[in-house]
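Please look through the sequence and the 3D structure shown here before reading on.

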Amino acid sequence: MLKYQKTGLYFSQILLSLILANSVQAFSSESHSQTTEKFRQIQQPIPVKIAVTAAGLGLIGLEIWWFMFSKPKAKQATQIQDTQELEILVDGGYEPNRITVNSGQPVRLKFYRKDPSHCLDKVLFPDFNISKDLPLDKTTTVEFTPDKPGEYTFSCGMNMVRGTLEVRG
């Protein structure tokens, strides 16, 4: 699924670049054909042009890295007796938002909600048919046993804030 999302993102970036390039070309050809006395072209020094271009390319590179290549660090659940356990802070998101557990062993996730927004008042694990309300300033325990290895998402009730549960074999 993630592979298709990245492919779609690459495709949309290429398409947006082509659209912007064509619109800039059309705009520049129109502006040369219409001359007015109100506006005059201001020439910028070459170092300023280079600095602005370098800064723009740097910001584009940072954005591509942020959305495409940066990966949040996964936190391994700790083994307590027969159960894998982890505490998750709900405050503007899930911390940690990437959790690693082993398959075939019970998992106990303890969600502590500090954020008062209504979006985060519920956590959903659709692949495990789990939906739990998260009361403010209280810990809510979610228990289940993942049988198959893979990546499973969990989210808030509005599906805006998400996390990933990585189950290893």
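C119 counts as buried, because its relative accessibility is 12%, and buried here means under 20% relative accessible area, with exposed meaning over 50% and partly exposed in between (1.4 Å probe, protein chains only). C119 takes part in no disulfide, although the nearest cysteine sulfur, that of C156, is 3.0 Å away; a disulfide is counted when a pair of cysteine sulfur atoms lies within 2.5 Å. C156 is likewise in no disulfide, its nearest cysteine sulfur being that of C119, 3.0 Å away. C156 is buried as well, because its relative accessibility is 0%. By this rule, the count of disulfides comes to zero. In general, a disulfide is a covalent bond between the sulfur atoms of two cysteines.

This is a predicted model, in which local features need pLDDT of at least 70 and side-chain atom pairs count only at pLDDT 80 or more, while totals for chains, interfaces and linings use all residues. Residues are numbered from 1 along each chain as its sequence is written, and side-chain values use heavy atoms, with hydrogens and water left out.

The protein holds two helices and 11 strands, where helices (H or I, at least four residues) and strands (E, at least two) are DSSP runs numbered from the N terminus. Followed along the sequence, the pattern is α-α-β-β-β-β-β-β-β-β-β-β-β. Of the 169 residues of the protein, 24% count as buried. Among the contacts in the protein with a separation of 6 or more, 54% are between residues 24 or more positions apart, a contact being heavy atoms within 4.5 Å.

Another pairing brings together strand β6 (residues 107-113) and β9, which are antiparallel and share six bridges. Here L109 has V142 of β9 as its bridge partner. In a regular strand the side chains alternate between the two faces of the sheet. Strand β9 (residues 139-144) has a covered face made up of T140, V142 and F144, whereas T139, T141 and E143 belong to its uncovered face.

R108 counts as partly exposed, because its relative accessibility is 24%.

In another salt bridge, the side chains of K110 and E85 meet (3.1 Å, N to O). This pair links distant parts of the chain, with K110 in strand β6 and E85 in strand β3 (residues 83-90), 25 residues apart. K110 is partly exposed, with a relative accessible area of 23%, whereas E85 is buried at 12% relative accessibility. E85, R108, K110 and E143 are linked in a network of salt bridges.

The side chains of E166 and R98 also meet in a salt bridge (3.6 Å, N to O). E166 is in strand β11 and R98 in strand β5 (residues 98-102), so that distant parts of the chain, 68 residues apart, are linked by the pair. Both E166 and R98 are buried.

A nonpolar patch on the surface is formed by L57, L59, I60, L62, I64, W65, W66, F67 and F69, with about 1,000 Å² of accessible area together. Patches are made of residues with over 30% relative accessible area and no salt bridge, with like charges joined within 9 Å and nonpolar side chains (Val, Leu, Ile, Met, Phe, Trp, Tyr) within 5 Å. I60 has its place in helix α2 (residues 46-69), and I60 counts as partly exposed, because its relative accessibility is 46%.

Notes:
Two strands pair if DSSP finds at least two bridges between them. Accessible areas come from the Shrake-Rupley method with a 1.4 Å probe; for residues, only the protein chains shown count as cover. A salt bridge is a side-chain nitrogen of Lys or Arg within 4 Å of a carboxyl oxygen of Asp or Glu.
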